[in-house]
Amino acid sequence: METAADATELRTATPTKTKPKRRRGLLRYPVVRQLLRFTGVGIVCTASSLGIYAVLRPWIDPQLANAVALILTSLMNTALNRRVTFKISGRKKRAKDNLSGMIVIGIALVITGGSLGVLHLFRPDATVSDELWTTTLSGFAATAVRFSLLRHWIFRRARHV
């Protein structure tokens, strides 16, 4: 018979007979711990995405550079959030998680791409620096949406870790 830990792949590396770690203050809430880990993953992925965008932007359209940067970092983002933020390991449901993660990245692309569209509507002569600021700031909104969707839709099986 499969246990709940087996079904969700939420297992510790070695079984222990000690009491669970008691956390104090805000860290006693799983959502706070997840937000902290999610922030770390987000910093790595955002830096990667901005770096890719900055390299591509002199040669291609800003919307295309944004799309390429987000798509290239999306699998890394989903994999890191799966493992680090929500503590899910193993191959079970990995393909489904990655597909769902692509949908979430698509939503982020609409948010950041829309912000670039608005920027170029009002400032057709915007610099690459302006574009980077715009995608970074709109990325904050996309990040809030992403965390919510990851926590309540894709990785809901691990919401309390």
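1. Rings of Phe, Tyr and Trp are taken as a pair if their centres lie within 6.5 Å. On that basis, F38, F86, F147 and F155 form one aromatic cluster in this predicted model.

2. F86 and F147 form a stacked pair, with 6.4 Å from centre to centre and 25 degrees between the planes. F86 belongs to the loop between helix 3 (62–85) and helix 4 (94–122), whereas F147 belongs to helix 5 (residues 128–154), so this contact ties together parts of the chain that are 61 residues apart in sequence. F86 is buried, at 0% relative accessibility. F147 is also buried, with a relative accessible area of 9%.

3. F86 pairs with F155 as well: the ring centres are 5.1 Å apart and the planes stand at 35 degrees, so this pair is tilted. Because F155 lies in the segment after helix 5 and F86 in the loop between helix 3 and helix 4, the pair ties together parts 69 residues apart in sequence. F155 counts as buried, at 0% relative accessibility.

4. The salt bridges number three. In one of them E131 is joined to R57, with the closest N and O atoms 2.7 Å apart. E131 lies in helix 5 and R57 in the loop between helix 2 and helix 3, so the bridge ties together parts that are 74 residues apart in sequence. E131 is buried, with a relative accessible area of 0%; R57 is buried too, at 18%, a value that falls under the 20% limit for burial.

5. A further salt bridge joins D97 to R82, with 2.8 Å between the closest N and O atoms. This pair links distant parts of the chain, D97 being in helix 4 and R82 in helix 3, 15 residues apart. Both D97 and R82 are buried. The side chains of D130 and R123 also meet in a salt bridge, at 3.0 Å from N to O. R123 counts as partly exposed, at 38% relative accessibility.

6. The loop between helix 2 (30–56) and helix 3 also contains P58. P58 is exposed, with a relative accessible area of 55%. The C-alpha atoms of P58 and V128 are separated by 8.1 Å, although the two residues are 70 residues apart along the chain.

7. Helix 4 has 29 residues, which at 1.5 Å a residue should span 42 Å; the end C-alpha atoms are 42 Å apart, in agreement with that expectation. The buried residues of helix 4 include D97, S100, G101, V104, I105 and A108. Further along the helix, T112, G113, S115, L116 and L119 are among the buried residues as well. An α-helix has 3.6 residues a turn, so residues three or four places apart point the same way. The cover over the buried residues of helix 4 includes helix 2, helix 3 and helix 5.

8. On the surface, I103, I107, V145 and W153 form a nonpolar patch, with about 310 Å² of accessible area together. Helix 4 and helix 5 each supply at least two residues of the patch. V145 is placed in helix 5. V145 is partly exposed, with a relative accessible area of 33%, which meets the requirement of over 30% for membership of a patch.

Note on methods
Residues are numbered from 1 along each chain as its sequence is written. This is a predicted model: local features need pLDDT of at least 70, side-chain atom pairs count only at pLDDT 80 or more; totals for chains, interfaces and linings use all residues. Side-chain values use heavy atoms; hydrogens and water are left out. Rings of Phe, Tyr and Trp (its six-membered ring) pair if their centres lie within 6.5 Å; planes under 30 degrees apart count as stacked, over 60 as edge-to-face and the rest as tilted. Helices (H or I, at least four residues) and strands (E, at least two) are DSSP runs, numbered from the N terminus. Buried means under 20% relative accessible area, exposed over 50%, partly exposed in between (1.4 Å probe, protein chains only). The expected span of a helix is 1.5 Å times one less than its number of residues. Contact means heavy atoms within 4.5 Å. Patches are made of residues with over 30% relative accessible area and no salt bridge: like charges are joined within 9 Å, nonpolar side chains (Val, Leu, Ile, Met, Phe, Trp, Tyr) within 5 Å. Accessible areas come from the Shrake-Rupley method with a 1.4 Å probe; for residues, only the protein chains shown count as cover. A salt bridge is a side-chain nitrogen of Lys or Arg within 4 Å of a carboxyl oxygen of Asp or Glu.
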